[in-house]
Amino acid sequence: MEKKKLLEVKNLKTSFFTASGEVKAVDGISYYLNEQEIIAIVGESGCGKSVSQMSIIQLIQSPPGKILGGQVLFGGRNLLDFTPKSHEMRNIRGASIAMIFQEPMTSLNPVLTIGQQLTEVIMTHTKCSKKEAWEIGVESLEAVGIPDAEERMHNYPFQLSGGMCQRAMTATAIACRSKIIIADEPTTALDVTTQAQVMELLLSLVEKYKTSVIIVTHNLGLVTRYADRVYVMYAGKFVESGTTEDILMHSKHPYTLGLLDCVPKLDSKKEHDLMPIHGAPPRLDELPPGCAFALRCPYVYGKCWEEYPTLRQVGENEHCAACHLDVAVNKQ
Amino acid sequence: MQREPILKVENLKMYFPIRRGFFGGAIGDVKAVDDVSFFIEKGKTFGLVGESGCGKTTTGKCVLRIYEPTGGLVFYKGLDITKMSKAQIRPFRRDIQLIFQDPYGSLDPRQSIYSILKEAITSDKRHRSSQEVTNRVNELLEAVELDVSMSDRYPHEMSGGQRQRLGIARALSCDPELIVCDEPVSALDVSIQAEIINLLKNLQQKRGLTYLFIAHDLAVVKHIADTIAVMYLGRIVEMMDAHEIYEKPMHPYTRALLSAVPITDYYVEKQRTRIILEGEVPSPLNAPSGCSFHPRCRYATEECKVTMPHLDDVGGGHKVSCYNLDKVTDGNG
């Protein structure tokens, strides 16, 4: 079944120029997103996963940040050809590509009601009157499963719970019929049951409105349940990519294996020891010439220190890993 | 049961009065903790799980007597600490310590690591030479696997994991027997989470510590705890051995909570049935009548709406508070 590519990112590079030097937050990553697909970008904090998404809609503060190169192909155009404040970019940001942020409570304006914030977005992106915008707002609040939508429109964010705020944010994306929703750690601040509710909501949007979703997360559990494909990110680069099944069950990169070994497992019968990945991720302003994971890798050998392993195909279904070794073989 | 439990909590209640109006008269209570009983044996870990607002932290704070409980008894080594005066309880303060959730907020940014630990070490006002203090600081840093040379650094120079280690070192400084760990790993990255959990387990083995481990992450609690209690709106709804929580969950809330946590095994995950709870946790201000879970429970009957079911033993120390256990265990959800 051939799916249409909705978004394609090629060799994206974003750096921050700080007093201590260039911080390569995103260092040449390429990926794509099909229609009606959920992909996940996984990694520890500080690996550049959020920056990689902010770069797409050019939400990088400049200075110190700068998008140094690459292409973001969306709807036949390269989004990086537009300046961040251009008319075109503003039309895309929030409308075609919407973003849901990590902390729902802080990313909504506390002094405006939900209704005011919703109608503002709708009126900016669609030609409609205030009254129509209000109606669309109520409809989309209902669509994300908020009870008494009409009443909630008059509420301020602090009157809503965390899960409700996250839904309200999602409602703005629905109201503008966004093609892509980028969810940056959408559930981190929420309780497990609310987490499940928000994620099921995103899943239903994919089916109902044919949206595509990019989940940025460090939670491998979310990935297992909801993502179609996964990109594992480490120190600004992708180290492994493939279908969720391949990444979780047939992981090839030592970092992915490490991530899987260090989470406590609910379903394990026996007591098992957690295997933390030793050390900390390298500082992005002083990356080693070889593999960035070499310092923490249990399988490291001579070549790893000198040469950066490029992402190469290691299995079917575009399963790629950036490692000199075939770890799966060596693991035994 | 042969051994005397180190901590025993009986019918603990913590109500916060709601005051309104000019004279601030109480118009009602928020029943943050309502009739909670459990005990912990020495050297064991008791896990307390639940969503935010279910009263798990309040329970922890009552055990530490940061809050004065409205009712109920807390026995530490057989002595009731709820009735003690401030002077009487002081010696016990050293025995029961706390590890906080937020390693960033719980350390004074203007104190060096040495000074933070020194303050805790010298809190008993016994005389110590500066050499003794330094030795003790180094000993504590080593115990939590921090580099001794870090002692003149400040919290902002440390990573999240290192700060949490420092928080643990501070808790260890008075040689406590019982540590209340309030969400100690939820603010950390997965890999660091694993390090801290392993550290806590090692310290427990080496020093015979007892933990009251409060967290919302079922997988973490299952990994570290010996016994788990699931809380909902101020009450314990199910209590069981840690390994039973995945194999034999009984209360509909526990089942829903479990199904909300995804499993990283792809094949198992694809076959699981998901129970998505409707709505949200009701406000404890006007908690539902009867079983507090009944508005969200799909097995709820008329009986559930009227009276609160007892926490009954269903065999092997597994306690559940539900009227419809046969229906719940029959249905595959």
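Which residues have the most contacts inside the largest nonpolar core? I looked this up before anything else. The core has 189 residues, and those with the most contacts inside it are Ile214(A), Ile215(A), Val232(A), Leu212(B), Phe213(B) and Val230(B). I noted that a nonpolar core is a set of buried Ala, Val, Leu, Ile, Met, Phe, Trp, Tyr and Cys residues joined through C-beta atoms within 7 Å. A residue is buried if 20 or more other C-beta atoms lie within 10 Å of its own, exposed if 12 or fewer, and partly exposed in between, with C-beta atoms placed from the backbone. Helix 7 of chain A gives the most to this core, with eight residues.

I wrote down the conventions next. The model is predicted, so local features need pLDDT of at least 70 and side-chain atom pairs count only at pLDDT 80 or more, while totals for chains, interfaces and linings use all residues. Residues are numbered from 1 along each chain as its sequence is written, and chains are lettered from A and ligands numbered from 1 in the order in which they are written.

**Chain A as a whole**

I found 13 helices and 12 strands in chain A. Helices (H or I, at least four residues) and strands (E, at least two) are DSSP runs, numbered from the N terminus. The C-alpha trace spans about 65 × 50 × 45 Å along its principal axes. Of the 332 residues in chain A, 51% are buried.

**Domains**

I saw chain A divided into domain 1 (5-227) and domain 2 (237-330); such bounds come from an automatic or database domain assignment. Their contact takes 16 residues from domain 1 and 11 residues from domain 2 of chain A. Two residues are in contact if their C-beta atoms, placed from the backbone, lie within 7 Å. On the domain 1 side, strand 2 (21-34) and helix 9 (220-226) of chain A give two or more residues. Strand 2 of chain A gives the most to that side, with eight residues. The C-alpha centres of the two domains lie 28 Å apart.

I looked at helix 11 (residues 254-261), where six of the eight residues are buried, so it is largely enclosed by the rest of the structure. Tyr255(A) and Leu257(A) are among the buried residues of helix 11.

I then turned to helix 5 (residues 130-143) of chain A. Ala133(A), Ile136(A) and Val138(A) are among the buried residues of helix 5. Helix 4 (114-125), helix 6 (149-152) and helix 7 (162-175) of chain A are included in what covers the buried residues of helix 5. Just after helix 5, Gly145(A) takes a positive phi of about 80°.

**Where the chains touch**

I recorded 31 residues from chain B and 35 residues from chain A in the contact. Helix 6 of chain B gives the most to the chain B side, with six residues.
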